[in-house]
Each structure stands twice: as C-alpha cells, then as structure tokens.
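Open the model in your viewer and keep the selection tool at hand. The stops below say what to select and what is there.

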Amino acid sequence: MEQKVNSGDLRLGRIGKKMERMLGIALTSDQRLYLSEKTLDNLSQRYPEKHLAILSSFSYALRHVDRAFYLEQLDMIKVLAHYEKGRGKRCEMLFVHQGRPKRWYLAKVDFTRKDHK
C-alpha cells in the first residue's frame, strides 16, 4: 500500500551526479531524498539521545558516498557512506521509491565504526 506524500516529511539531501553515476541510472524525476515523519519518530525512539546529531550527519554522508547501488527489482537505492569526517564512521542507508507522487524515502539506516589498526 503506497503512502501519500506528507507535507511534514524532511528533505535529507539529493542524489548528486556522482551518486547517479554509481547507480548506473539517469534520474529524470525528483532526485531529493526524504525522511518520513513515521521514520523520524522511529529514529528518535531508537536513538533518543542522538537522533538530532544523526539527522545532521545525513547531509554530510550524502555528500561523501563511498558506494551506491540501485536494486532495480525492488526499486530501492542502497548507499554506503562516511557520516563523520575523519573518524572512520560509516552508515548504510536504504531508500525506497514510494508515495504519490513517488519520492525516495529513507527506509533503513545502520551505523558502523571501522577501526583502523
């Protein structure tokens, strides 16, 4: 069941030319990436002390993408990126193409720290 676009959705960033080349597709529709109110609520419950810092790190991560994959059959984009400058911290984001009109929404995010030994 598709959701209708909500005016309360947050814009996280956009799919830049570098990411578009990584995906191997040419996007002609809305290239912005969004966070739904529901996902924001889930994020604030999962990380009550850090959710605002996490939100501010998304724009940095979307400008420093290491890899991006388009999963055509699922109409999803998987993004691997650094989210904190010089600290080896990475995140994996999954965006789904949904709603009316269709937009790219953050569906899942996982954070990892790659220690350099």
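Begin by selecting helix α2, residues 37–46, together with helix α3, residues 51–63. In this predicted model, the two helices pack with their axes 9 Å apart, at an angle of about 125°. That angle makes α2 oblique to α3. To see where they touch, show the side chains: α2 contributes Leu40, Leu43 and Ser44, and α3 contributes His51, Ile54, Leu55 and Phe58.

Is Asp110 buried or partly exposed? Its relative accessible area is 26%, so Asp110 counts as partly exposed, given that buried means under 20%.

Lys108 is partly exposed, at a relative accessible area of 45%. Taken together, Arg46, Lys108 and Asp110 are linked in a network of salt bridges.

How many salt bridges does the structure hold? There are 7. For another one, select Glu92 and Lys78, whose side chains meet at 3.7 Å, N to O. This pair too links distant parts of the chain: Glu92 belongs to strand β5 (residues 89–98) and Lys78 to strand β4, 14 residues apart. Glu92 is partly exposed, with 31% relative accessibility, and Lys78 is partly exposed as well, with 27%.

Next, go to the loop between β3 (65–71) and β4 (76–84), where Leu74 is placed. Leu74 has a relative accessible area of 56%, so it counts as exposed, the limit being over 50%. With Leu74 they form a nonpolar patch on the surface, and together the three have about 260 Å² of accessible area.

The last stop is Asp75, which lies in the loop between β3 and β4. Is Asp75 buried or exposed? Asp75 is buried, because its relative accessible area is 18% and the limit for buried is under 20%. Check its backbone as well: phi of Asp75 is near 55°, a positive value in a residue other than glycine.

Methods
Residues are numbered from 1 along each chain as its sequence is written. This is a predicted model: local features need pLDDT of at least 70, side-chain atom pairs count only at pLDDT 80 or more; totals for chains, interfaces and linings use all residues. Side-chain values use heavy atoms; hydrogens and water are left out. Patches are made of residues with over 30% relative accessible area and no salt bridge: like charges are joined within 9 Å, nonpolar side chains (Val, Leu, Ile, Met, Phe, Trp, Tyr) within 5 Å. Accessible areas come from the Shrake-Rupley method with a 1.4 Å probe; for residues, only the protein chains shown count as cover. A salt bridge is a side-chain nitrogen of Lys or Arg within 4 Å of a carboxyl oxygen of Asp or Glu. Helices (H or I, at least four residues) and strands (E, at least two) are DSSP runs, numbered from the N terminus. Buried means under 20% relative accessible area, exposed over 50%, partly exposed in between (1.4 Å probe, protein chains only). Axes are lines fitted to C-alpha atoms, for helices over the stretch in contact, and angles run from 0 to 180 degrees between N-to-C directions. Angles under 35 degrees count as roughly parallel, over 145 as roughly antiparallel, 65 to 115 as roughly perpendicular and the rest as oblique. Contact means heavy atoms within 4.5 Å.
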